[in-house]
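Please look over the model shown here.

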Amino acid sequence: MRRFLEGPYAGVLALAILVAVLPLALPSLFYLRIAALIGIFALVVVGLNLLIGYAGQVSLGHAGFFGVGAYAVAIGPTYLGLPAWLALIAGAAIAGLIAFLVGRPILRLRGHYLAVATLGMGLLFAMVFANESAWTGGPDGMPVPHLDLFGFRMSGARTWYWISGVSLVIGAWVAANVIASPTGRALRAIHDSETAAQVLGIDVARYKLIAFVLSAVYAAVAGAYLAMFDGLVTPETAGFLRSIEFVTMAVLGGLGSTFGGIVGAALLVLLPQVLTVFQDYEHIALGLIMIVVMIFLPAGIVPSLAGLLRWRRS
Amino acid sequence: MAEFLQFAFSGLTVGAIYALVALGFTLIYNASGVINFAQGEFVMLGGMVTVFTHAAGVPLPLAALIALVVAIIVGLALYRLAIEPARGASPVTLIIITIGASILLRGGASLTFDKSFHSLPPFAGSKPLMIGGAALLPQSLIVLAGAGAIVIALWYFLTRTLSGKAILATAANRLAARLVGINTNAVVGLSFGVSAAIGALGGILMTPITLTSYDSGTLLALKGFAAAMLGSMGNPLGAVVGGLTVGLLEAFSAGYISSSYKDAVAFLVILGVLFLMPQGLFGRGGMERV
Amino acid sequence: MSMLAVEGLGITFGGVTALADVSFEVKPAEIFAIIGPNGAGKTTLFNVISGLYPPRQGRVRLNGEDVTGLPPDRLARRGLSRTFQNLQVFFRMTVAENIMVGRHLHERRNVLAHLFTLPSVLAQNRATRAKAENLLAFVDLSDLADRTAGSLPYGALRRLEIARALATEPKLLLLDEPAAGCNPVETEEIDNVIQKIAASGVAVVLVEHDMKLVMKISHRIHVLDRGRTIAQGSAADVRNNEQVIAAYLGRHGQREAARAQD
């Protein structure tokens, strides 16, 4: 029992319960809409956490993959006549393929170099989205058609709350599976000592690549959801600040903690809502939070609180 | 030929600014091992503060001086309030902190100033010199001369003054520097101050040519970073050569290929360097010790 | 047939010769010690053999096969494992998980199965865990199985590294100062563990500063000084070799030599 509670599956179960009962507690569609947004961003962070929190590899460019998913559900139905669901799958597959091709060379880099290389990669994506206006609508972006499934139109906050909530639970479950498997142990080993991992027979490049591709697919799916939810996609969907937001969510909640990533996503989605009155202060607040949390809670909010609780108990 | 010269002039001019940003990276990286993602904001501050104090009626040289002082104070504060308290943190943590600082400064600038583009009057007239059929703005000459003067002043500071030598000593071996009585924390603080000053000067020099706005720092930081890497991270001469190279590559590709992907050049340089010669142009090989 | 054969190995760092023309062979079940003063090139030699540094000259053969320049994970597949002088423990994982990582090559590594935790993955996890618990019992760490490795005392970490290396089921084991920083009781335990490992047929190559331990358990000793071989033979041969006394024992090892005679 104790091992279960401390293991990754307890969090998944708690999350599933939370997703199921939350709508009862939310007074209006407005809140449901925000909850749906949190679910979408949390999905990115759960994937990114495999890469950053477990494998220890930074990426400042995942908004690029997010954008691939978002533009896939815009371009696929509009220009290629694909049904939206197929465009979504195609977008996730393309993002995974790009991650696979780009990942092998890029992941040879470490620390700051990896951060800058991924940042450059993300900016290249954003540049393509802004410049190839024939396909993407250029800087103004393009509308995204609705998702139709089994003859039903998927639209509105309530529908998207359930789509993003269920997807998040599935995403968290898959991440928990990975973490508890030989793949997860290999990733965590690489984080602590690449040299020792290699000497034990772990193909370090392969496992970094697996984490990179997985996190790219998570991001692409979430990007497609956001685009279909908003009905619009612009290059800012895939911009530099987006990438930074993703990493901040992961780090803020707590690297290496799936639940922490969800808390981080919730905080950063809620922040602008709370700050709408002082909209101009949003960036200042974001910057301050990043600095202050990193200085005082470098492990992130959730692990730090958990540590505090454990310490109190003993 | 005229076209070629024209691209070369503009490449060298922006390249000189990239070189200054790269020098800022290099100084801080050498002293502390931190890559300061807020380096571009110093350039932005230099330009924006000058623009707005000048617009408020302050004579240009004094406005530039004020901007320089503001940037140095911000640089020192960044170190004192955000970097020093997080000493010994992992690279990811430091990356987030300096990016946070960069977003904070950008947000502060958009509030204090505004969100539009600004320029300054050229320092020495706007009548271009014609060389081989290409126009060279007097301001470009000022940028190049100014950047050159900053490089020489920095070289003098690092090799001829006690504080500068303390920076070099700390860069070479932090522990040994501390053992001979150097206050390495003060040295890292100093490197942030000097970096901020170099960045701000670059911002002041370039604003008459390239315009500035609250968010001009991010791209500059990345291009400066590309330059610093091309010239081998931590090597001041390399930073200068790297900066000019990135500037030239960018200008030629914008001129001969396509200007809409001009900003991509820097990243292609980064990727190219990382994969083809990870030690940069001036680097030496090294192996990890286990 | 020798398990490990090193032939004329050489490597330089920035013009400084760290190893030159080092050759030796190690047989299965043999304990082969490499000694020498600080800076003799012992750890560098290990790093070359285990694939972390590519050699400039010479060849490394594992079980007769030329493996020069292969990366460490390929060598692990061929039965080489090692420990590190400056501990490379997975500090954020538990003690048991550290060992489980060592079982990596013996696990099915189908990522798709891992994504959806098929029943086979669960069964495999249980088997790996059981194997890890056996190994922990072997190095006497069973009580600490679920502690975070980072919270363990130094001596325990040394044994953890040995157990983790054994988890790969190596045919050749390189131990880099397994007794460094250990007290006499811990050293005694490690001494027993090494002898048991060798007795099971594994070829053990040992770098160690504790001369008493080296002289006691090694079948043969190879002496390096400034990257070059200066002697090789039994404990008695090496102890009486004048070059060794001059280069190593003579310089700062008188006391250790005296102790080794006890």
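## A buried helix

A residue counts as buried if 20 or more other C-beta atoms lie within 10 Å of its own, as exposed if 12 or fewer do, and as partly exposed in between, with C-beta atoms placed from the backbone. Helices (H or I, at least four residues) and strands (E, at least two) are DSSP runs, numbered from the N terminus. This is a predicted model: local features need pLDDT of at least 70, side-chain atom pairs count only at pLDDT 80 or more, and totals for chains, interfaces and linings use all residues. Residues are numbered from 1 along each chain as its sequence is written, while chains are lettered from A and ligands numbered from 1 in the order in which they are written.

In helix 9 (residues 182-192) of chain A, 10 of the 11 residues are buried, so this helix is largely enclosed by the rest of the structure. Among them are Arg185(A), Arg188(A) and His191(A). The buried residues pack against helix 3 (29-54), helix 8 (157-179), helix 10 (194-199) and helix 11 (204-230) of chain A. Helix 3 and helix 4 of chain C also pack against them. Contact here means C-beta atoms, placed from the backbone, within 7 Å.

## Chain A overall

Chain A holds 15 helices and 4 strands. Its radius of gyration is 19 Å, close to the 20 Å that the globule rule gives for 314 residues, so chain A is as compact as a globular protein of that length. The radius is taken over C-alpha atoms, and the rule is 2.2 Å times the number of residues to the power 0.38.

The C-alpha trace of chain A spans about 55 × 45 × 40 Å along its principal axes. Of its 314 residues, 59% count as buried. Among contacts in chain A between residues at least 6 apart in sequence, 77% join residues at least 24 apart.

## Chain A with chain B

Here 33 residues of chain A are in contact with 34 residues of chain B. Helix 6 (111-131), helix 12 (240-253) and helix 14 (282-296) of chain A each supply at least two residues of the chain A side. The largest share, 12 residues, comes from helix 6 of chain A.

By class, this side of chain A has 24 nonpolar, 8 polar and 1 charged residues. Ala, Val, Leu, Ile, Met, Phe, Trp, Tyr, Cys and Pro count as nonpolar, Asp, Glu, Lys and Arg as charged, and the others, Gly among them, as polar.

## Chain A with chain C

This contact takes 32 residues from chain C and 22 residues from chain A. On the chain C side, helix 2, strand 6 (80-82), helix 3 (95-102), helix 4 (111-115) and helix 5 (119-138) each supply at least two residues. That side has 15 nonpolar, 9 polar and 8 charged residues.

## Two domains in chain C

Chain C is divided into domain 1 (1-79 + 170-262) and domain 2 (90-168). The bounds come from an automatic or database domain assignment. The C-alpha centres of the two domains of chain C lie 27 Å apart.

14 residues of domain 1 of chain C are in contact with 11 residues of domain 2 of chain C. Helix 2 (72-77), strand 7 (172-176) and helix 7 (184-199) of chain C each supply at least two residues of the domain 1 side. Helix 7 of chain C gives the most, with 5 residues. The residues of the domain 1 side divide into 9 nonpolar, 2 polar and 3 charged.

Terms used:
Contact = placed C-beta atoms within 7 Å.
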